[in-house]
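Subject: Handover of a structure, with notes

Dear colleague,

Please find below the structure that I am handing over to you.

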Amino acid sequence: MSENQRRPITARRVILLLVVLAVLLVPIPTFHTPHSRDVVIDASQFEYSPPRLNINRGDTVNVTLNASDVVHGFFLDGYEIDSRVEPGISQKFTFTADRSGKFRYRCSVACGPLHPFMIGELVVGPNEPVWRASALAVVAAAAVLLGARKRRMA
Ligand SMILES: [Cu+2]
């Protein structure tokens, strides 16, 4: 190859090189293995603490339910979990967060005038490492396709 046949360094080539370097150098995360999560929920007139739970899909959730004043209930929409808790006597139950989305938990025992407003929210989200691995795979595929197209055009 003579001097005047050398390919010019284009912005596209630099980007392709950077993408390839990113794919090679950024460590590929291991896929999320479901975890076991221990959660303590305190029920009192007329709220749950915490009012919102964020859980990764696939996780096993071990709930300890406490009541600090009167008898309360805990009904989790979408998972059909119903529990009743008396003050001083904790209730424990376990479920697998196998459905993504937002689910309300609400009191299922008439505990006072504002009982209908005793509501919390469970958010079952996707696993972030899975999304990151998928994004890296897409970037790698795009780099391969761009490289193939460049070679065809050359
Ligand atoms: Cu209630």
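In which sense do β8 and β9 pair, and over how many bridges? They pair in the antiparallel sense, over six bridges. Here two strands count as paired if DSSP finds at least two bridges between them. Helices (H or I, at least four residues) and strands (E, at least two) are DSSP runs, numbered from the N terminus.

Before you read further, please note that this is a predicted model, in which local features need pLDDT of at least 70 and side-chain atom pairs count only at pLDDT 80 or more, while totals for chains, interfaces and linings use all residues. Residues are numbered from 1 along each chain as its sequence is written.

Overall composition

The protein has two helices and nine strands. From the N terminus on, the order of the elements is α-β-β-β-β-β-β-β-β-β-α. Of its 154 residues, 14% count as buried. A residue is buried if 20 or more other C-beta atoms lie within 10 Å of its own, exposed if 12 or fewer, and partly exposed in between, with C-beta atoms placed from the backbone. Two residues are in contact if their C-beta atoms, placed in that way, lie within 7 Å. Among the contacts with a separation of 6 or more, 71% are between residues 24 or more positions apart.

The five-stranded sheet

Five strands form an open sheet in the order β3-β9-β8-β5-β6, with mixed pairing. β3 and β6 stand at the edges, and each has a single partner strand, so one side of each is left without a neighbour in the sheet. Neighbouring strands of this sheet are turned by 20° against each other on average, direction ignored. For such angles, axes are lines fitted to C-alpha atoms (for helices, over the stretch in contact), and angles run from 0 to 180 degrees between N-to-C directions.

The pairings can be followed across the sheet. β3 and β9 run parallel and are joined by five bridges; N54 stands opposite V123 in β9. Strand β8 (residues 101–106) runs antiparallel to β5, to which two bridges join it, and R106 in β8 stands opposite F75. β5 also pairs with strand β6 (residues 81–85), in the antiparallel sense over five bridges, and L76 stands opposite I81 in β6.

β5 and β6 form a hairpin with four residues between them, and G78 in the turn has a positive phi of about 85°. E80 is also in the loop between β5 and β6. Its phi is near 55°, a positive value in a residue other than glycine. E80 is exposed because it has 8 other C-beta atoms within 10 Å. By contrast, four of the five residues of strand β5 (residues 72–76) are buried.

The four-stranded sheet

A further open sheet has four strands in the order β2-β1-β4-β7, again with mixed pairing. Its edge strands are β2 (47–49) and β7 (91–96), each of which pairs on one side only. The twist averages 25° from one strand to the next. Strand β4 (residues 60–67) pairs with β7 in the antiparallel sense over six bridges, and V61 stands opposite F95 in β7.

The nonpolar core

A nonpolar core is a set of buried Ala, Val, Leu, Ile, Met, Phe, Trp, Tyr and Cys residues joined through C-beta atoms within 7 Å. The largest one has 19 residues, and those with the most contacts inside it are I41, A43, I55, L65, F74 and L122. At least two residues of this core come from each of β1 (36–44), β3 (52–56), β4, β5 and β9 (119–125). The largest share, four residues, is supplied by β4. Leaving aside neighbours within four places in sequence, A43 has contacts that include Y48, L65, F74 and V85.

Further details

Two peptide bonds deserve a note. The bond that joins Q45 and F46 is cis, with omega about 0°, and F46 is found in the loop between β1 and β2. The bond from S49 to P50 is also cis, with omega near 0°; P50 is in the loop between β2 and β3.

Finally, L17 lies in helix α1 (residues 11–25). L17 counts as exposed because it has 12 C-beta neighbours inside 10 Å. The C-alpha atoms of L17 and G147, 130 residues apart along the chain, are separated by 9.8 Å.

Yours sincerely
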